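Hi,

Please have a look at it here before reading on.

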Amino acid sequence: MTLHQITAGLDGVTAATTALSHVDGEGGELIIAGSRVAQLAEETDFEGVAARLLTAAGKATNADELRQVLGEARVRAFARLDAILPATEGLALGAGFRAAIAAIDKEEGIADEIALLGAMPVLAAALARRAEGLAPVAPDAKLGQAADLLRMLRGAPGSAAEAAALDAYLTTVSDHGMNASTFAARVVASTQADLFMAITAGYCALSGPLHGGAPAPVLDMLEAIGTAGNIAPWIDAALARGERLMGFGHRIYKVRDPRADVLKRAVGTLGSEGMDLGLAAEVEAYAREALAIAKPGRRLDTNVEFYTAILLGALKIPREAFTPVFAVGRTAGWVAHALEQQRTGRLLRPASVYTGPMPA
């Protein structure tokens, strides 16, 4: 193999076949288990899309069955908090969530994928509340995953509109092709390691700022801009300094990220309490124009992180909890990909080109 044959970042390299999701970067389309993401957000809920993903990965189920077992799994996960949380002591929320995931283990009477899906919202909510000096809230097995997550975060139920908006978010981010965290999970799963190890690896990859860490800085940007009159000066100055505008541009999408429109609609159902949605829309519009002028040919459009930040901010979810909440939704994809890799794949072991010195 010669150096010119290396594909930096593995762009365009096919590492697996999958029945789970397809990303069309040129067409701006995301298909999850046979349906466009906008259609899924309108027609089903998180349990529905998770059931489709698990079924496609070889674990046949349906939304109603999954809703029941996930409710029970959340209750079981909460009962184990006393054994899990000590591993997170002294850690920031994101690092604590990583340690908490790593502390989950097999449990008799529950499938590994269900245990993981049920534990994620319990851990995210418990750690977010602990960061605010509050006790964890026990789950309600009768609620759906999104409504119960919101309730456990706040200590009180959210409105129907808030629960629906969070559900649309979890559904929208449930899977996204061979992204970095999914690939990490599949690499670990390809060794026949268990799902707990694979999903821990997935979250570790998600925590990096180039993958899962961008939503919170979007809110920092909006706060720094502050007023409509400061939009153009702030953005122009940031671009002149060569800074990246958070929430714009994507490694795969060469047009608008289809998930951005789904989340924009969900944000529109929440009203503007605590969030200047008009300012956000003006920032988005000007940023797209400014980027087209400053970086011609780059096609830097709005990505999922822009409206993720606005939606989670409008729901008053702490910024430190944004990545764990993302993981609550993405775990559906991670476990499905790990299961699919174990069932149909082989050990992932790419080659490399040695560029160091050779012995005499």
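Let me begin with the buried part of helix H10: Leu195, Phe196, Ala198, Ile199, Thr200, Ala201, Gly202, Tyr203 and Leu206 are its buried residues. Buried here means under 20% relative accessible area, exposed means over 50%, and partly exposed is in between, using a 1.4 Å probe and protein chains only. With nine of its 12 residues buried, H10 is mostly covered. The cover over these residues includes helix H5 (93–103), helix H6 (112–131), H9 and H16, where contact means heavy atoms within 4.5 Å. The end C-alpha atoms of H10 are 16 Å apart, which agrees with the 16 Å that its 12 residues should span at 1.5 Å a residue; the expected span is 1.5 Å times one less than the number of residues.

A few words on the basis. This is a predicted model, in which local features need pLDDT of at least 70 and side-chain atom pairs count only at pLDDT 80 or more, while totals for chains, interfaces and linings use all residues. Residues are numbered from 1 along each chain as its sequence is written, and side-chain values use heavy atoms, leaving out hydrogens and water. Helices are DSSP runs (H or I, at least four residues), numbered from the N terminus.

Next, two helix pairs. Helix H12 (residues 231–240) packs against helix H14 (residues 277–294) at an angle of about 40 degrees, with axes 10 Å apart. The two are therefore oblique to each other; angles under 35 degrees count as roughly parallel, over 145 as roughly antiparallel, 65 to 115 as roughly perpendicular and the rest as oblique. Among the H12 residues that meet H14 are Ile231, Ile235 and Leu239. The residues of this contact comprise 11 nonpolar, no polar and two charged.

H14 also packs with H15: their axes come within 12 Å and cross at roughly 170 degrees. That makes H14 roughly antiparallel to H15. Here Leu277, Ala280, Val283 and Glu284 of H14 meet Phe306, Tyr307 and Ile310 of H15.

Finally, two loop residues to look at. Gln192 lies in the loop between helix H9 (180–190) and helix H10 (195–206), and it has a positive phi of about 70 degrees although it is not a glycine. Gln192 is exposed, at a relative accessible area of 53%. Lys316 sits in the loop between helix H15 (304–314) and helix H16 (322–344). Its phi is also positive, about 60 degrees, although Lys316 is not a glycine.

Best wishes

Conventions. Axes are lines fitted to C-alpha atoms, for helices over the stretch in contact, and angles run from 0 to 180 degrees between N-to-C directions. Ala, Val, Leu, Ile, Met, Phe, Trp, Tyr, Cys and Pro count as nonpolar, Asp, Glu, Lys and Arg as charged, and the others, Gly among them, as polar.
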